Every structure is written in C-alpha cells, then in structure tokens.
Amino acid sequence: MSIKVIAFDADDTLWVNEPYFRETENEFCQLMEAYLPQHTVARELLHTEIKNLTLYGYGIKGFMLSMIETALTVSNNTIDITAVDKIITYGKALLARPIVVLEGVEEVLQSLKSDYRLVVATKGDLLDQERKLKNSGLDHYFHHVEVMSEKQPKDYKKLLKHLDILPEQFLMIGNSLKSDVLPVLDLGGHAIHIPFHTTWAHEHVDVHIDNPNFRQVEQILDVLPLFISPSSEIS
C-alpha cells in the first residue's frame with residue numbers, strides 16, 4: 001500500500017538541537033566542579049533528567065529544573081543562590097538559541113510536499129517546539145504538527161487515528177532508533193533512520209533491525225532516491 005503521510009522528527013532531524021544541550025551541560029558541570037568531578041556531575045544530571053521525565057516531560061524547561069535539582073543534590077543543599085541564578089541564565093540562553101536548519105531539509109520538504117501529507121511528530125515542550133518551527137521558516141510545509149509527551153506505539157496509534165490512515169500508509173523519518181523507528185515498525189509502519197552526530201544518552205539503543213519497512217541513510221537528502229527507485233517499495 002502506498003505511503004500517504006511522511007512524518008519528520010524535529011530536533012536533530014530538521015534542525016540542530018542536541019549540541020546546544022551538551023554545551024549547556026558542560027557549562028553546568030564546570031559550575032559544579034567545586035563539589036564533584038565534571039563527569040560525575042554529568043552522570044548525576046542524566047539520572048535526574050530521566051527520573052523527572054514523567055513530571056516535566058522533554059525540553060529545555062525540564063532540563064533547567066533538573067540542573068537546579070542536581071546542583072542541590074551534589075552540593076548537599078549548600079549551593080549559593082547566585083549559582084541557581086546562573087543555571088536559570090543557562091536555560092534562558094538555550095531557549096534563545098537561533099534555529100539552524102540542517103542541510104538538505106528544505107530541498108527534501110519541497111520535493112515531497114506535492115505527493116505526500118507532511119507532518120511533524122516530535123517530543124518536547126509545546127511552546128518551545130512551536131517557536132522553533134515558526135523560526136525555522138519550515139512551518140508552511142506541514143499539514144499537521146504533533147508535539148508528543150512520549151513516542152511509544154500507543155502515541156503513534158493516536159497520531160495515526162487523527163490522520164485517518166493505516167500504519168502501512170505512514171512513514172517516520174528521524175534520528176532516534178528508540179523514538180522514531182522502533183515504535184513505528186512495531187505498528188507495521190515504515191521508518192527511515194538518519195543518525196545525528198550527537199545523541200542524548202537516554203535515546204541510545206543497541207539493536208540490529210531486520211525489517212523490510214526500515215531504511216537507514218547518512219543524510220536527509222539520501223531519502224529522495226527511495227521515493228523514485230522501483231526497488232525501494234517506499235513510493
């Protein structure tokens with residue numbers, strides 16, 4: 001059955017995101033170096049972030065709160081208020097980062113928009129993701145934008161129901177095997193993985209995928225031949 005809808009992850013698929021988080025994390029770990037080595041602070045921060053996902057979800061605001069909580073933990077609640085203020089400044093600077101669209105993204109969207117319904121399917125903070133999409137200049141390409149609290153099969157089922165399509169009519173393109181590929185394949189949909197050079201540790205999975213609905217490419221422009229090649233079975 002032909003693909004009708006192509007969904008794109010946003011962060012590190014359409015535009016740069018994770019490197020900014022890592023830069024902010026490094027600043028935070030340097031700030032906390034008086035209490036613990038930087039690698040230990042980074043490990044504690046990751047633990048706190050994962051623990052807080054069910055409370056704050058994904059995105060910069062939850063990251064900021066997790067940095068503050070980690071600072072309190074590693075300092076045994078002795079951190080100075082000026083350091084807390086600095087952490088808030090780190091978070092606000094992260095929110096103000098310019099949107100850098102990845103190379104080839106607009107060419108791909110332009111090429112596909114006439115033949116497919118294009119949607120954004122991403123995790124994160126709703127307000128922040130809407131801001132980033134608007135500032136990217138890409139919003140006019142998309143039929144629908146779905147900011148998801150999680151990317152589990154049940155979340156994709158909800159999206160498919162909203163789009164009124166079957167799983168085999170859906171293709172997801174993204175940089176995370178855990179979030180963008182495995183749940184979609186589990187439902188019987190199609191997925192293309194485009195690795196990004198920096199990936200959050202929580203998104204790492206070590207798995208071999210042997211599924212006819214799965215492709216992996218080096219860069220986003222490499223998806224275009226898959227829609228015109230007779231052997232691709234994606235068109």
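## Charges on the chain

How many positive and negative side chains does the chain have, and how far apart do the centres of the two sets lie? There are 21 positive and 34 negative side chains. The centres of the two sets lie 6 Å apart. The model is predicted.

Side chains of opposite charge can pair when their charged atoms come close. This structure holds 11 salt bridges. Three of them are described further below, after the overall layout.

## Overall layout

The chain contains eight helices and six strands.

Along its principal axes, the C-alpha trace spans about 65 × 35 × 30 Å.

## Inside and outside

Of the 235 residues, 51% count as buried. The chain exposes about 11800 Å². Carbon and sulfur atoms supply 52% of that area.

Contacts also reach along the sequence. Take those between residues at least 6 apart in sequence: 68% of them join residues at least 24 apart.

## Lys 151 and its two partners

Lys 151 takes part in a salt bridge with Asp 9, at 3.0 Å from N to O. Lys 151 sits in the loop between strand 3 (144–148) and helix 7 (153–163), while Asp 9 sits in the loop between strand 1 (5–8) and helix 1 (18–31). The two are 142 residues apart in sequence, so the pair ties together separate parts of the chain. Are these residues buried or exposed? Lys 151 is buried, with a relative accessible area of 2%. Asp 9 is buried as well, at 6% relative accessibility.

Lys 151 also forms a salt bridge with Asp 180. Here the closest N and O atoms are 2.6 Å apart. Asp 180 belongs to helix 8 (residues 177–187), and this pair links distant parts of the chain, 29 residues apart. Asp 180 counts as buried, at 0% relative accessibility.

Where do Lys 61 and Asp 125 lie? Their side chains meet in a salt bridge of 3.4 Å, N to O. Lys 61 is in helix 3 (residues 60–74), and Asp 125 is in the loop between strand 2 (117–123) and helix 6 (126–136). They are 64 residues apart in sequence, so this pair, too, ties parts of the chain together. Lys 61 is partly exposed, with a relative accessible area of 39%.

Some salt bridges share partners. Asp 11, Asp 128, Arg 131 and Lys 132 are joined into one network in this way.

## Two positive phi angles

Most residues other than glycine have a negative phi. Asp 12 has a positive value, near 70°. Asp 12 is placed in the loop between strand 1 and helix 1. Asp 12 is buried, with a relative accessible area of 6%.

Asn 77 is not a glycine, yet its phi is positive, at about 65°. Asn 77 is found in the loop between helix 3 and helix 4 (81–95). At 60% relative accessibility, Asn 77 counts as exposed. So what sets the two apart is cover: buried means under 20% relative accessible area, and exposed means over 50%.

Terms used:
Residues numbered from 1 in each chain as written. Predicted model: local features only at pLDDT ≥ 70, side-chain atom pairs only at ≥ 80, totals over all residues. Heavy atoms only, no water. Salt bridge = Lys/Arg side-chain N within 4 Å of Asp/Glu carboxyl O. Helix = DSSP H or I, 4+ residues; strand = E, 2+ residues; numbered from the N terminus. Buried < 20%, exposed > 50% of the residue type's maximum accessible area, 1.4 Å probe, protein only. Contact = heavy atoms within 4.5 Å. Areas by Shrake-Rupley, 256 points an atom, 1.4 Å probe, with all protein chains shown as cover. Lys, Arg positive; Asp, Glu negative; His and termini not counted. Charge placed at Lys NZ, Arg CZ, Asp CG, Glu CD.
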